[in-house]
Amino acid sequence: MNTSFFGELLQTISDRGRALLVRPRRSEASRSESLVELCEHLLSGRGEASGVALAREILGHYAELTTGPRIAFFEALAQRFGTDPASMEAAIAAWRERPSDQTAAGVHAASEPRRQELFRRLNLAPGGTAALVRMREQLMDALDHRDDLGAVDDDFVHLFSSWFNRGFLVLRSINWSTPAIVLEKIIRYEAVHEIRDWEDLRRRIDPPDRRCYAFFHPALNDEPLIFVEVALTRDMPGAIAPILATEREVVEPDKMRTAVFYSISNCQRGLAGVSFGNFLIKQVVEDICREVSRLSTFVTLSPVPAFAGWLRRERGAADSRAIGAADRAALSALDTEGWWLSPPLVEQVREPLLRAAAWYFMHGRNSRGVPIDPVARFHLGNGARLERLNFLADTSEKAMQQSFGLMVNYLYDLEDIERNHEAFAEQRTVVASSAVAKLARPLREPVPAGT
């Protein structure tokens, strides 16, 4: 109710303020420059009503831009709305002359790019937050070939990290009584295991041994930010098919011992880089434990989206440290179409693939020195332990292309989460079970004959 009232109040202020703004329409060619002029007016203005109305007008005109003028607008944000050099130099000179908290605050204020204040003022328009998230999505598309716009993206992430911090997020349980507009978005945003239809969705959220939770923000009505699907089971699962099966036995409440997080989907691409998942998992664990006191194990059943690409590169590298000659020969079966349907080929591939996977997780690093796999970075960074590798755990077309069917269990041991998190954050240590660590032992090069 309060959020609705506040939104209606902003709308009223905006409508009244529009009467103060009389601006001619511009041609498509000059629309981005017109937007820049409006942005300058917004930053220089002081009136609340006219400011909210002007922010609304800017966002409305921005939404009409095609790709070319939109890129030009982003260029203007990067080049004309950055830090003012003269103000920065004056603030630094004042601090050097009289170092104090006051002059340091002046340096901080002068160092802030003007576009951050612009985004704050645009955010006051009705629907401003959603419009800015969408704007950042389009900026991310441009960043694929325009590194010079990176500073604008950094400012978005900086502001979004504050606007979407945990204190503003609301956790909701998603069930069959949730409004259809939200359920439709759960179907649309599911990024790990496709939800085929409404009946498939019902099987995931309606039975007593299934749960779904999502984070929402008051400024984005009925728009989930991230959601997690949970299966309450007896034991730690080693494959996804039994969890998603159309016909399965529902687990009785007195036999539930394990909470399995089998799908976590980020819904708003424009909020990439703003972490919600760590808070989501911890909050869900607390909520489920209050409801099902017998739960003692909290694990994921996670995909390994970067594994197949890495393994193909390693198989093609003569000097691979991860794969020896014998395993490379055995893994040639992966090139056989439908190899997972042939029992002899499955047995040929099983152990070499698991050894390669263990090395991938324990030793594989990208250029920044962190694990290659994005899902691994997420869970290890949240304090989980790499517990088990599951061979042919998902034989869907997508999983076979991304990971040759491999899935993994990350274990959230509530007593070790903080210690594991610190080990990963400070030393990039991959905390793993002894079984996984044993599989990942370094290769022993053959000893040359005659030595």
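**View 1. Overall content of the predicted model.** The protein has 451 residues, of which 47% are buried, and its secondary structure comprises 20 helices and eight strands. Where contacts join residues at least 6 apart in sequence, 71% of them link residues at least 24 apart. Carbon and sulfur atoms account for 52% of an accessible surface of about 22800 Å².

**View 2. Two tilted aromatic pairs.** The count of aromatic pairs comes to 16. One of them joins Phe-73 and Phe-74 in a tilted arrangement, with 6.4 Å centre to centre and 45° between the planes, and both Phe-73 and Phe-74 are buried. Trp-339 and Phe-391 form a tilted pair as well, with 6.3 Å centre to centre and 40° between the planes. Because Trp-339 lies in the loop between helix H15 (325–330) and helix H16 (343–363), and Phe-391 in the loop between strand E7 (385–390) and helix H18 (397–403), the pair ties together parts that are 52 residues apart in sequence. Phe-391, at 13% relative accessibility, counts as buried.

**View 3. A cluster of linked rings.** Phe-119, Phe-156, Phe-160, Trp-163, Phe-164 and Phe-276 are connected through ring pairs into a cluster.

**View 4. Arginines over aromatic rings.** Arg-188 places its charged end over the ring of Tyr-189, at 5.5 Å from the ring's centre, while Arg-428 lies over the face of Phe-424, with 5.6 Å to the ring centre.

Terms used:
Residues are numbered from 1 along each chain as its sequence is written. This is a predicted model: local features need pLDDT of at least 70, side-chain atom pairs count only at pLDDT 80 or more; totals for chains, interfaces and linings use all residues. Side-chain values use heavy atoms; hydrogens and water are left out. Helices (H or I, at least four residues) and strands (E, at least two) are DSSP runs, numbered from the N terminus. Buried means under 20% relative accessible area, exposed over 50%, partly exposed in between (1.4 Å probe, protein chains only). Contact means heavy atoms within 4.5 Å. Accessible areas come from the Shrake-Rupley method with a 1.4 Å probe; for residues, only the protein chains shown count as cover. Rings of Phe, Tyr and Trp (its six-membered ring) pair if their centres lie within 6.5 Å; planes under 30 degrees apart count as stacked, over 60 as edge-to-face and the rest as tilted. A charge sits over a ring if NZ of Lys or CZ of Arg is within 6 Å of the ring centre and within 35 degrees of the ring normal.
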